[in-house]
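Have the sequence and the model open side by side.

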Amino acid sequence: MSGKEAYLIVDIGESTRAVLVRRLNGTYRLAGIGEAETTIEAPELDVTIGIRRAAEKLDGETLIGKDGPEGLCLLCASGDGGGLYMMVAGVIGMISGESAQRAALGAGAHLIGTFSVDDPRPDYRLVEIMRATRPDIFLLAGGTDGGAIQQVKKMAEVIKEADVKPRFGDNYRLPVIFAGNVEAREDIAVTLTEEYAMRAVGNVRPSIERENLGPAKEAIYDSYMEHVISHSPGYESLAKWVTRPILPTQAAIGKILFDYAERRRVNLLAVNAGGSTTDIYSVYRGVFNRSLDADVGLEYGALNILKKTGIDGISRWLPKHMDERTLRNIIGNLMVRRPSNYLDEEGMVFSALARESIKLGVEEHKRLASRLKGVQIQRTIADTFIQSVESTYLDLGDTQVLIGMGSAFTDPGESAALLLDSVEPIYITELYVDRSGLVPHAGMLLGEAPEAAFNLFTGETLQRLGTCLCVDGNGGGDAVSLMLTRQDGSAILETVKSGEIKTLPLLDGENCKIEATAGKGFSLGKDKGKRINATVMGGSLGFIVDARGRPLRVPDDKATLAKWSKALAPKAAGE
Amino acid sequence: MTDPAVERNVVICKVRRLPAPGEVLVRLGEMVKVDTPIARGRVRNTELVEVRVDQKLGVDAMDVAHYMLKREGDEVKKDEVIALRRSFFGSSTKILRAPLDGTIEAFSRTSGKLLIRGLPIQIEVNAHIPGRVTELFPLEGAIVECKGAIARGAVGVGGEARGPLEVLANGPGDVLTEDSITKSHIGKVVLGGATVTPEAQIKARSVGVAALVVGGVDEKDLSGLLGHELNLGDTGMERIGFTLVSLSGFGTQPLDEDAFRLFKEYEGRLACVDGTTQIRTRMLRPEVILPD
């Protein structure tokens, strides 16, 4: 094998997953998947050991020799111990502060602190919080180019006083990236250079109407490689082995999702319900956004979901009644014990928590994935900082693709139910799930072999559950009547009652035409549109009609929940 | 993690470190007791009080400097006069007194505001376990080492506590109730069984039990005891009157047989407990150290 003929693509997360992609007859094909425990912690304290072990499970021949990969290109992303933890600061929280957040999240960071000059907390409190939290990188933004300098300088002085230490030891200076007013660079450098490894890049908000995240993201990647990765156990050797810089896993995921949405020219929403965080990615009209709810996860953040939603928010999704104490204890044990296999009741609670964590994540995403705040067109100055006048990019009525990722997405029926219950898409949306957990691998391959990456993404990991038609609004009686015309000319006529879910038999990948009419109180398009004509594609569940209405009302009776679940269960042959 | 990890005949090292530079009070190789001070220092007080001098004296903010009796960096005692304004030949005097003991941290000549920070807080870290000092951290502390056994739990609340171990459970599945706890348990580390009732937790606090170690605890009872949800599972700073360690998590969790045997073997001897838990960040779990 020679370089470019084969790629070993490794994602270092809770486990280390290695994927071998080989070129055969001019086409890249998946040659194997190997998995081993991540070895970032004692006793191994060297991630390359885990990579070797994962690679050994892949192929008969040696892929990684004594001095690194042999005859192939190694691509790597890291999301667990080697993940990227950032703090950001700006002048105005909802202007430069949010732009800085978008840059950090877009670069794949876990955001562990946001600060701004207009923060209601006193400076000394900000200093204390900064000191108590050890990030990998600090991103400072603020001020438009040529604008005021004093405020961003004040924030720099707070950061200086905090003397923030990096996450991995005290033997190097924390990288601080300044992406604010270009005219403040000199002052900021004077303030911060002694305590921090400071560098300045293009302003994330050069003017109030424009956001420029590219230079800050690139600087984050550079600092990640230069400072963070080199101080993580074993990464120094790994950095010499890789063909391209090591990426944060979330950055690799973002890259492939953006590429996929652009290629298909669709609006896309992807949710990743993980153990410690809930990540939401979106691409709407070519604009990529990522948000992260760091306090909401299915294991570490389980009790925090309970705190945010209350016990009723969780119990309403359970297929059978469970007393409060039992439910609370199960949630607590998911957090403290992190079981590798779930008992029946634990599985039910995990599934209920997943619905609420995604709901919370999507709400957070709506806030962050918004048009630039502070931009004034034809309003009075008083409106400038009113959040309500700004609209989010996220538009569930114009979302063509919805993807579920993470351990909560198991079998196709449960995955579809989870997406429909938590995101509540409306009108026509294709539902997918990350079946093999190879989304980050496809993202890593993208820069080297775009077609192979696209094929890996669509062919090996993305499973099409089916297209769903979801009615908006709430009414009674018949919610929707529809006719599906299949390619062989046969037609399926169906009427779905309010509150029901139905799946219609459509083969995976089969296109068919659909004509649908909404019942009283429901709509199927913008401006209360009653009729819809479209071409839709079947998936492993066929074609899904969700006539439960929006916003979704979860019934008290568990029998209805069971019916919903049964409706989405894959049908056995002949059913 | 599922079951409590129990280790016997092991060397246990405890890092005893101040959060800020101070003075190390022990020597390398020194034998220490549980309450031997290892290091002592002072940390910045987070209490910062803002005083509007202009309003108190009834003068324009720009003129306040003329009336100040203290400067930035000066120490002040509570009720000490820090600014004084006399008018009408002393017939109308306005006095500003320090609201707390502390230091004048900042004074603005333009806004008339004064910031007084409370006096630095004395901090001290003791050995927590009996043993030998095996490593020193200049200005910060030391490592203390002992031989013994250790049981690691799933979740705890409250910080470090020590005392003689008393096993109140007859078997791993027993429930610790309030009747079992008496005044004789003051300052003791008490081992319950599979769980502990909320009444027993309240009794433990009122009696003055140093620590409760149990197989499990109801999440609702624990939240009730804390007055809030556990949120992200970062604990150790709670002040609930005793330290609670749950070895296997929430609910009724019969004690691990091996753990139960270990505690029985060490009954009557010193137990050093720490309820500190950090699940998300550093995976710190609560522990019970049983020195030989």
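In strand 25 of chain A, A:R531 is the bridge partner of A:T517. Keep in mind that this is a predicted model. Strand 23 of chain A, residues 511-518, pairs with strand 25 of chain A in the antiparallel sense, over seven bridges.

Zoom out and you get an open sheet of four strands in chain A, in the order 21-20-23-25, with antiparallel pairing. Strand 21 (491-497) and strand 25 (531-537) of chain A sit at the edges with a single partner strand each, so one side of each has no neighbour in the sheet. On average, neighbouring strands of this sheet are turned by 20° against each other, direction ignored.

Now hop to chain B. Which residues of helix 4 of chain B are buried? In that helix, residues 257-265, they are B:A259, B:F260, B:L262 and B:F263. Seen down the axis of helix 4 of chain B, the buried residues fall within an arc of 160°, so they line one face of the helix. On the other side of helix 4 of chain B, B:E257 and B:K264 are exposed.

| Strand of chain B | Residues |
|---|---|
| strand 1 | 5-17 |
| strand 13 | 141-152 |
| strand 15 | 160-167 |
| strand 17 | 189-191 |

Last stop, where the chains meet: 21 residues of chain A are in contact with 19 residues of chain B. Helix 10 of chain A gives the most to the side of chain A that touches chain B, with nine residues. By class, that side of chain A has seven nonpolar, six polar and eight charged residues.

Notes: Residues are numbered from 1 along each chain as its sequence is written. Chains are lettered from A and ligands numbered from 1 in the order in which they are written. This is a predicted model: local features need pLDDT of at least 70, side-chain atom pairs count only at pLDDT 80 or more; totals for chains, interfaces and linings use all residues. Two residues are in contact if their C-beta atoms, placed from the backbone, lie within 7 Å. Helices (H or I, at least four residues) and strands (E, at least two) are DSSP runs, numbered from the N terminus. Ala, Val, Leu, Ile, Met, Phe, Trp, Tyr, Cys and Pro count as nonpolar, Asp, Glu, Lys and Arg as charged, and the others, Gly among them, as polar. Two strands pair if DSSP finds at least two bridges between them. Axes are lines fitted to C-alpha atoms, for helices over the stretch in contact, and angles run from 0 to 180 degrees between N-to-C directions. A residue is buried if 20 or more other C-beta atoms lie within 10 Å of its own, exposed if 12 or fewer, and partly exposed in between; C-beta atoms are placed from the backbone. The arc is that of the directions from the helix axis to the C-beta atoms.
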